Amino acid sequence: MSIIFHIDMDAFFAACEEHNNPELKGKPVVIGAAPKEGKGRGVVSTASYEARKYGIHSALPISKAYKLCPTAVFLPVNMKLYIDTSFRVMQIIRKYASAFQQASVDEAFIIPVNDEVEKIAKQIKQEIKEKEGLTCSIGIAPNKSIAKIASDYKKPDGLTIVTEEEAKSFLAPMSVRKLQGVGPKTESLLNTLGIKTIGDLAKYDQKYLEQQLGKWGTYLHILSQGHGSTEVYEEEGIQSISREYTFDEDTNDAIVLSEIIDELSTYLHAALIESGYSFKTVAVKIRYSNFETHTKQISLQQPSLSREVIAETAKLLLNYFTQSKKKIRLIGVKLSNLSTSSKQKSIKEYTSLK
Ligand code: TTP
Ligand code: MG
């Protein structure tokens with residue numbers, strides 16, 4: 001039987017800022033676009049747990065966050081601080097792993113070095129707290145899907161262990177939204193089939209689900225049964241750096257799309273600088289409202305490190321997709337064909353499905 005840990009840092013960007021400036025502790029802290037007294041565009045990257053009490057959360061328009069709590073401390077994204085911290089946190093986690101896979105800037109899967117799982121989890125938490133002043137939540141389960149759900153189960157500073165025998169009953173009462181990849185659209189589609197919880201999904205006829213949702217329906221059905229991938233592996237070096245964004249409401253507004261490309265480019269640029277890579281290929285991925293997904297890519301003649309080149313190339317590629325005026329639910333930008341430009345760190349993909 002496999003034992004997989006999923007370790008996810010709590011309110012990561014906000015917690016890094018609080019550690020950097022202890023005066024922020026206990027205050028509502030919001031990281032993201034400038035609020036401009038409620039007139040700002042762009043979104044919240046994350047909010048401290050104090051700020052979440054006001055209803056502020058990731059991906060909320062910053063103007064709404066300002067209305068919910070004008071006295072919160074609003075800070076811009078300081079990617080260098082988060083990536084430096086992430087690097088050190090991942091080095092700590094690695095020590096307890098026989099296999100390690102970084103899943104995004106603040107989360108990793110590991111197979112622990114031995115089966116004293118509770119002891120290892122507590123040691124990881126303690127070491128991260130002592131050395132970095134940060135808390136994390138850990139889920140321990142027979143596969144990656146359940147481990148990820150378990151790490152989210154008691155946040156912040158949580159520890160949730162789900163055994164193979166408990167897996168199905170642990171999942172059953174939860175909303176289908178907890179399964180990775182199920183957003184508001186799929187949720188409402190499943191709801192129309194009478195499926196609200198993972199337990200409902202587990203009982204549903206798999207063939208019929210496949211007719212409705214294709215292969216993805218089958219995949220979700222497998223997850224609902226408590227099964228899932230147990231593969232934990234680290235790729236050699238960075239293959240690509242990518243970042244995606246899912247809109248709250250599908251859009252074909254050129255200004256909104258362009259702003260999101262700018263935000264994604266800023267993030268990718270920071271990750272690039274920190275990891276010491278330059279790129280030659282830029283790809284844009286678009287998912288339309290009906291889930292149809294397309295990508296287009298261009299390779300440059302010379303490797304580049306420029307934020308402007310990322311943004312301009314991505315906007316050029318975006319043009320291919322916006323002619324039709326179809327509404328877009330997700331946009332992603334990926335840099336690949338990477339080469340080492342100066343220093344190199346073993347930070348893996350910054351891919352995020354957030
Ligand atoms: P998460 O782990 O999803 O969120 P979090 O660490 O802030 O809070 P939680 O305690 O619930 O885990 O994401 C990690 C970081 O990624 C987060 O601190 C900021 C960034 N992020 C964005 O920039 N945009 C987003 O929409 C999300 C969800 C996260
Ligand atoms: Mg987190």
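Tutor: Gladly! One definition to start with: the expected span of a helix is 1.5 Å times one less than its number of residues. Keep in mind that this is a predicted model.

Student: What makes the span of helix H5 close to the expected one?

Tutor: H5 covers residues 117-132, which is 16 residues. From its first C-alpha to its last it reaches 22 Å, and the expected value is also given as 22 Å. By that definition, the span of H5 is close to expectation.

Student: Which residues of H5 are buried?

Tutor: They are Val117, Ile120, Ala121, Ile124, Lys125, Glu127, Ile128 and Glu132. The label requires a relative accessible area under 20%.

Student: How do you know that they are on the same side of H5?

Tutor: Their arc around the axis is only 165°, which puts them on the same side of the helix. The buried residues pack against several elements, among them strand E1 (4-9), helix H1 (12-20) and helix H4 (79-94).

Student: What follows H5?

Tutor: Glycine 133 does, and its phi is positive, near 70°.

Student: Why is cysteine 16 called buried?

Tutor: Its relative accessible area is 3%, and the cut-off is under 20%. Cysteine 136 counts as buried too, at 1% relative accessibility.

Note on methods: Residues numbered from 1 in each chain as written. Chains lettered and ligands numbered in written order. Predicted model: local features only at pLDDT ≥ 70, side-chain atom pairs only at ≥ 80, totals over all residues. Heavy atoms only, no water. Helix = DSSP H or I, 4+ residues; strand = E, 2+ residues; numbered from the N terminus. Buried < 20%, exposed > 50% of the residue type's maximum accessible area, 1.4 Å probe, protein only. Arc of directions from axis to C-beta. Contact = heavy atoms within 4.5 Å.
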